[in-house]
Structure formats: structure tokens, C-alpha cells
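Please keep the sequence and the model in view while reading.

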Amino acid sequence: MSIELLRTCFWIEAIRTATCSANLSQLSKNVGEIEKLKLGKEYPTQIKWYNYQQGNPKPSSRIISHIEILVPGSSSYYHHPLWQALQLTKHSLVDVSKLFKSLGPDVQVFVCEYQTLLRIVHFSPYRFYLGVIPELIKIGSLDALTALFLYWLESSKNSKEDQVKLAKAIYTVLLMIRVDLVPKLAGSLFDIFRQVVFEKTDWQ
């Protein structure tokens with residue numbers, strides 16, 4: 001499964017869960033009911049959940065915005081910085097810093113605390129410190145996973161030891177996240193990290 005398709009499937013799964021829908025057929029029905037309650041009518045064009053799940057086509061920004069009105073917070077899964085981070089090839093510190101700053105406050109607070117603790121004058125979220133790892137593992141969210149991956153990107157240029165520790169932390173958080181995912185999504189997310197991180201980590 002591609003990163004683009006995975007982000008769409010995460011988005012659909014978030015909506016399915018929020019609407020207590022057992023399958024896509026029920027999801028379509030439940031979303032229609034929510035439209036009637038919130039908007040007084042159903043969306044003029046039928047939302048093609050099955051097509052989106054297959055990646056053909058991907059949901060338009062109009063559809064994503066419309067569903068956000070019905071299911072607040074759902075668009076955050078589609079626009080999560082993890083998907084952009086995973087597609088970084090040639091990246092700069094500016095790219096990494098920008099993605100760090102788009103993560104939630106529960107992750108940001110630990111980055112900021114360690115900067116203060118170590119008396120770093122200039123706030124540089126891409127600077128890695130070992131003390132951050134256990135805190136991010138405790139959070140065990142997509143934001144925490146993204147932060148660990150961004151740290152891994154930078155450490156892979158410098159410290160082999162840090163690279164291995166971060167890869168292990170990523171593996172741990174993946175195991176935590178998969179508990180709340182359907183098997184297909186959990187397997188696909190792990191497979192992407194296998195290609196992007198685990199196979200590129202120098203374990204020796």
C-alpha cells in the first residue's frame with residue numbers, strides 16, 4: 001500500500017470509528033444521517049467510500065472539508081504530518097523543523113522542556129536528546145511516531161547509535177498503535193516503516 005493510499009485509509013477508518021460504523025456500507029448510511037441532522041440534507045454527490053479505499057480516486061479537498069463539518073477532527077488524519085514526513089527524500093533542517101512545529105502540544109512540550117533543561121538558547125526541535133525517547137513512547141500516538149521518525153532522519157546523518165535507538169523506539173510505538181488499528185492498516189503502516197526506516201538502519 002502506498003503512503004498516499006494509507007493516509008486515505010487512515011482517514012476513512014477514523015470516520016468509520018467516529019460514526020460507529022461496522023463497514024463502508026453502514027458508514028455511507030450513517031454519514032447520510034449525520035448530513036440530514038446537521039445540514040438538513042444529504043450531500044448532492046454520493047461519497048465514493050469504496051473507491052477511496054482502493055485509491056481511485058483519492059478524496060478531493062472539498063470532500064475532506066465537507067466530512068470535517070460532519071465529523072470534526074477527521075481531516076487531521078488525512079493531513080497528518082506523518083504522511084509528508086515519510087515522503088521526504090532530500091530534506092533540509094527547515095523541512096524537519098516545520099513538520100515538528102505542526103505536531104500536537106503533548107509532543108511539543110517534551111521537545112521544549114528538553115531544550116530548556118539543556119539551556120539551548122535557540123529553539124531547534126530537530127536536535128535529538130536521548131531523554132525524549134521514553135516520553136514519546138509513553139505518548140504512543142501518530143504525533144509521537146512522527147517525532148521519532150524526524151529524529152531518526154537527522155540521526156541517520158550523524159550517530160549510528162542514536163539511529164538504532166530511534167529505530168527501536170519507532171518499532172515500539174508501531175506495536176502500541178497497531179492495537180487500535182484494523183489488521184490491514186497496521187500491517188501496511190509497519191510495511192512502510194520497514195522500507196523507510198528498518199531496512200535503512202545500520203544495525204551493526
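The accessible surface of the chain comes to about 10900 Å², and carbon and sulfur atoms account for 55% of that area. The model is a predicted one. Of the 204 residues in the chain, 49% are buried. Among contacts with a separation of 6 or more, 64% are between residues 24 or more positions apart.

The secondary structure consists of 12 helices and zero strands. Read from the N terminus, the order of elements is therefore α-α-α-α-α-α-α-α-α-α-α-α.

Helix α11 covers residues 160-178 and helix α12 covers residues 183-196. Their axes lie 10 Å apart, and the packing angle is about 170°. Angles over 145 degrees count as roughly antiparallel, and α11 and α12 are therefore roughly antiparallel to each other. On the α11 side the contact is made by I170, Y171, L174, I177 and R178; on the α12 side it is made by A186, L189, F190 and F193. By class, the residues of this contact are eight nonpolar, one charged and no polar.

Two loops hold backbone exceptions. Most residues other than glycine have a negative phi, and most peptide bonds are trans. C20, in the loop between α1 (3-18) and α2 (24-39), is not a glycine, yet its phi is positive at about 55°. C20 is also exposed, with a relative accessible area of 64%. The peptide bond between N56 and P57 is cis, with omega about -5°. P57 sits in the loop between α3 (49-54) and α4 (61-70).

Key: Residues numbered from 1 in each chain as written. Predicted model: local features only at pLDDT ≥ 70, side-chain atom pairs only at ≥ 80, totals over all residues. Heavy atoms only, no water. Axes fitted to C-alpha atoms, helices over the stretch in contact; angles between N-to-C directions. Helix = DSSP H or I, 4+ residues; strand = E, 2+ residues; numbered from the N terminus. Parallel < 35°, antiparallel > 145°, perpendicular 65-115°, else oblique. Contact = heavy atoms within 4.5 Å. Nonpolar A, V, L, I, M, F, W, Y, C, P; charged D, E, K, R; others polar. Buried < 20%, exposed > 50% of the residue type's maximum accessible area, 1.4 Å probe, protein only. Areas by Shrake-Rupley, 256 points an atom, 1.4 Å probe, with all protein chains shown as cover.
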